[in-house]
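Look at the sequence and the structure together. The text below walks through parts of the model in turn.

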Amino acid sequence: METGRASKTALGVAIRRAAHQLIDKPPVLDDPIAMRLVGEGHPRLMERAMHPVGRDFRGFMAARSRYTEDRLAEAVANGVTQYVVLGAGLDTFAYRNPFPALQVFEVDFPATQVWKRSMLERAAIALPSNLVFVALDFEHQTLADGLAEAGLDLHKPAFFGWLGVVPYLSLDAFRATMSVVAKMPAGSGVTFDYAVAPETLSPIGRIAFERLSERVAAAGEPFRLFFTPENLEAEIRGAGFDRIEQVGSDGLNELYFQNRADGLKLSPLGLGMLATAWV
Ligand SMILES: C[S@@+](CC[C@H](N)C(=O)[O-])C[C@H]1O[C@@H](n2cnc3c(N)ncnc32)[C@H](O)[C@@H]1O
């Protein structure tokens, strides 16, 4: 995408999380800030997010954030005090952070951050004192330098959340960021989602993938990077990580969508996968 303009896909996913708060009861991701942040100014996008056809995507958007925040909680329980939200978009974790000692760094394109800050101001959402904004482009700037300048202690473990970003990157940018995390002290980790190589999807999965990829391309943010679970595992091991966990729709359904009165669960189309790599 262009570095000079705010991300449209960031708005799209934030609206899904806000819609999730309004119509999926109980929410898989409990996010009282989501609706306040996006506001009432996007009725058509909100209508689409609430439509039955959008249920699966909305469920995945909520589940991927919940899963990442659960991994973060695990890291915090093991002593991590730094959380880096890579490609933060309109992520709201920092504004409802339950861990007083956790320092949060939001990394994104400068234009997306300016836009987010104006939305936070409009919604009168206060900036917490333990939040730092780090404006940079993973394709062209060194993440480790940017984070160190912003105050991240590279000698202490940190957890990284990297949602909705990897499919938009080049393989080089993906590898560069993974190598930054891999060099962090033991106890560090990263959770990200990735797009499954379309040729490995079922025919219906492929149609759903093509629709989604047309939409993001039309927003100026085309998908470029795909993995299979096997080649991702090899990629992460090659980057030097010790422990890897991967979860797809079935695993997320088991974790978060059992016994719901509304029947909400993820379809087996398998468009997106989540991976966590621990140092
Ligand atoms: C689909 S949005 C996801 C936002 C957020 N992680 C979430 O789940 O709500 C993708 C985000 O990645 C950011 N992004 C994409 N490519 C980037 C790059 N090369 N450098 C910095 N940020 C980038 C965009 O600005 C946008 O905020």
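The model is a predicted one.

Begin with strand S1, residues 82-86. Five of its five residues are buried, so S1 is largely enclosed by the rest of the structure. In a regular strand, side chains alternate between the two faces of the sheet. In S1, Gln 82, Val 84 and Leu 86 lie on one side, while Tyr 83 and Val 85 lie on the other, and both faces are covered.

S1 has strand partners as well. It pairs with strand S2 (residues 103-108) in the parallel sense, over five bridges, and Val 84 stands opposite Phe 105 in S2. With strand S4 (residues 159-162), S1 pairs over three bridges, again in the parallel sense. Here Tyr 83 has Phe 159 of S4 as its bridge partner.

Next comes strand S8, residues 272-278. Seven of its seven residues are buried, so S8 too is largely enclosed by the rest of the structure. Gly 272, Leu 274, Thr 276 and Trp 278 point one way, and Met 273, Ala 275 and Ala 277 point the other way.

S8 runs antiparallel to strand S5 (residues 189-196), and seven bridges join them. Among the paired residues, Tyr 194 has Met 273 in S8 as its partner. Strand S7 (residues 243-247) is also antiparallel to S8, with five bridges between them; Val 247 is partnered there by Leu 274.

Finally, turn to the ligand. It is surrounded by 21 residues, and the closest are Ser 7, Thr 9, Gly 87, Gly 89 and Gly 164. Helix H1 (residues 8-23) gives the most to this shell, with four residues. By class, the shell has eleven nonpolar, six polar and four charged residues.

Key:
Residues numbered from 1 in each chain as written. Predicted model: local features only at pLDDT ≥ 70, side-chain atom pairs only at ≥ 80, totals over all residues. Buried ≥ 20, exposed ≤ 12 C-beta atoms within 10 Å, placed from the backbone. Helix = DSSP H or I, 4+ residues; strand = E, 2+ residues; numbered from the N terminus. Pairing = 2+ DSSP bridges. Near = placed C-beta within 6 Å. Nonpolar A, V, L, I, M, F, W, Y, C, P; charged D, E, K, R; others polar.
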